[in-house]
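Please look over the structure below.

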Amino acid sequence: MKGNQQLIELLEKYQAGTISEEEKAILESWYNQEAAAKTAAIDDSEVQESLQRIKNRLPLPKQVRIWPRLAAAAVLVLLAGASLLYFTHQGHEVKPPLTKAAAIQPGGNHAVLQLASGQQVALNSQQAGIVIKGKQVLYSDGHEVTAADMGNHLQYMQLITPKGGQYQITLPDGSRVWLNSASKLTYPDRFEGDNRQVQLEGEAYFEVSKDSHPFIVKSGGQEVRVLGTAFNIMAYTDEDEIQTALVSGAVRVNETLLKPGFEAHYSRDGIQVIPSNLEVVTAWKNGLFYFKDASLQTVMNQLQRWYDIEVIYQSARKGDEFNGQIPRDKPLTKVLEILTLSGINFKMSGRQLIVY
């Protein structure tokens, strides 16, 4: 086979009942050579579950016969090799793709640096991040960001990412922060006193340098206190909770001690600690959308932040659960083509995505 794209095309033809005998032979050859080995460990119950999942998400014509092991292999390709999504839902008719969304491109390295004076500097989108060194602000490659005189007294600056933006920053103590879209990090040009304190709105991944002075992240009514560790905080104002997931080390969320592999959900009702799927939590930092039993609203919230769109719901769907991953560098139309397989209907009006 010539890679996943050809395989996907043949699988789609097979599922639609339009595959030719020659193409079917190619698909069978691929299965015999590769799929059998990949699915050898799948037992019959998993095969039947995979079959049902395919039937639910892409209803097959009655005259099309599907090979059980090929069905299981197809699931593996669609979910893993091709980095697509699958959906847990009742079967629905597949709608045509949204061509009007083709012009909406994914986000990228877009951010604004706001100085203490209020002056805003649009950061270079060809760069990935900035480094704070004393009174200097440099790009990661050493080029100067701004020649503005920031004086000798302690000053607070802000790194601001719009919808469709992301950026990195290395703080004065060497700690690194990855800022997700529609987020804001407020920080000093140097750390003084008994602690190192920053403030976050939105979402960020932190790798904190070890130091005897605690590193504190304030977001809403939550305070995260660490010495040196890696963790992710999601503190968007349009979400019901602030979620803090610990990758390594130890953090204290308000008065709750968090261990690696767990996440704290902070709300007005208090703090709940649950096991964390760190691959899902940190997927955005690694260039992926990754959903695990995610609701429609969770999926849409991520899309509207990354593609700078507004989502409007004209119907309230319940019970949909989305699983899988897709690269964040795809145009919106590619993501919506996959989502239509779940039976959800969309239409575009400017930058408004209407769900009905």
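The report takes the sheet, then the ring pairs, then the charges over rings.

## Basis

This is a predicted model; local features need pLDDT of at least 70, side-chain atom pairs count only at pLDDT 80 or more, and totals for chains, interfaces and linings use all residues. Residues are numbered from 1 along each chain as its sequence is written, and side-chain values use heavy atoms, without hydrogens and water.

Three strands form an open sheet in the order 20-23-22, with mixed pairing. Strands are DSSP runs of E, at least two residues, and helices are runs of H or I, at least four, numbered from the N terminus. Two strands pair if DSSP finds at least two bridges between them. Strand 20 (310-313) and strand 22 (346-349) each have a single partner strand, so one side of each lacks a neighbour in the sheet.

Strand 22 pairs with strand 23 (residues 352-355) in the antiparallel sense, over four bridges. Phe346 has Val355 in strand 23 as its bridge partner.

## Aromatic pairs

The whole structure holds six aromatic pairs. Rings of Phe, Tyr and Trp (its six-membered ring) pair if their centres lie within 6.5 Å; planes under 30 degrees apart are stacked, over 60 edge-to-face, the rest tilted. Trp178 and Tyr205 are edge-to-face, at 5.6 Å centre to centre and 70° between the planes. Trp178 sits in strand 8 and Tyr205 in strand 10, 27 residues apart.

Phe191, Phe206, Phe215 and Phe231 are linked into a cluster by ring pairs.

## Charges over rings

A charge counts as over a ring if NZ of Lys or CZ of Arg is within 6 Å of the ring centre and within 35 degrees of the ring normal. Lys285 lies over the face of Tyr205, 4.8 Å from the ring centre. Arg328 lies over the face of Trp306, at 3.8 Å from the ring centre.
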